[in-house]
Amino acid sequence: MSPFTVSLPEGQRAPVLLSIPHCGTWIPDELIDQYNPDLIHAPDDTDWFVDRLYDFAPAMGITVLQATYSRWVIDLNRDPANKPLYSDGRIITELCPVTDFLGEPIYRDHRQQVGSDEVAQRKEKYYQPYHDKLTEVINELKAEFGKVLVWDCHSIRRYVKTIYNENFPDLILGDADGTSASPNAIELAFTGLKASAYSVSHNFPFKGGYITRHYGRPLENQQVLQLEMTKINYMNDTETHYHEERAERMRNVLRNVLSSLADMMGKKGS
């Protein structure tokens, strides 16, 4: 199985790419017996249904890249050298996690870390292909349009005590403290989100992960914005099942913001 799938744009292509690195649920056959069977049937750290939430994007001319395998195999939004993203005391799950966000061991043997040889194999088989494809599509869009914007799509439970001791805002826009995108793109996205009925935060408590920080190079006409959202806004009250009405309200906001960003990015040569 490929570590990713690509949904190609319909009609006129826009210089916009959606990255969905945490929607995957598959565990490779050679690894699945190593995990806690009580947890693995529904890995709670999955960005459940985010691919479904954004499935309108190809009709807007937007390319979508999404992960196939679970982040518990390897986290596509972590530094490949396993450098932590934050240093404020929150739980830090590694490139190859050994616990979930609540600190619960995910392996049968309660291992403290995944061995270096195993990490190297997972990087080669599951991590690098996603990033190679991400780079390929970025370069294709830049070659065609001279510029590209990546929208990195994420979701999280409304409350995760090991990360933040309050409910998260509904929507959190991350741009690595203003370094991963132009001021115009940041302002347009933030203003569009604020125009909704949802609570919105900027760079707190999430400012963007490895994808935002590594690929965001606005001086090279390569912009990245991350959107984190709480699952309660498109799932049911237990944050376990897709909720059509809540999701449609959220989809309307996402459509509007992405439409504005696509218009800002413009057509070839503009």
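**Terms and the values behind them**

Tutor: Helix α4 has a kink of about 45°, centred on K123. Keep in mind that this is a predicted model.

Student: How do you know that the span of α4 agrees with a helix of 30 residues?

Tutor: At 1.5 Å a residue, α4 (residues 116-145) should span 44 Å. Its end C-alpha atoms are 40 Å apart, so the two values agree. After α4 comes G146, with a positive phi near 85°.

Student: Why is A176 called buried?

Tutor: Buried means under 20% relative accessible area. A176 has 11%, so A176 is buried. A176 sits in the loop between β5 and α5, and its phi is positive, near 50°, though A176 is not a glycine.

Student: What makes the peptide bond from F204 to P205 cis?

Tutor: Its omega is near 0°. P205 belongs to the loop between β6 (200-202) and α6 (210-215).

Student: Which residues touch the most other members of the largest nonpolar core?

Tutor: Among them are L18, W151 and M229, in a core of 39 residues. Helix α7 gives the largest share of this core, 9 residues. A second, separate core has 34 residues, including W72 and V148.

Methods:
Residues numbered from 1 in each chain as written. Predicted model: local features only at pLDDT ≥ 70, side-chain atom pairs only at ≥ 80, totals over all residues. Heavy atoms only, no water. Core = buried A, V, L, I, M, F, W, Y, C linked by side-chain atoms within 4.5 Å. Buried < 20%, exposed > 50% of the residue type's maximum accessible area, 1.4 Å probe, protein only. Helix = DSSP H or I, 4+ residues; strand = E, 2+ residues; numbered from the N terminus. Expected span 1.5 Å × (residues − 1). Bend = angle between axes of the 7 residues up to and from the residue.
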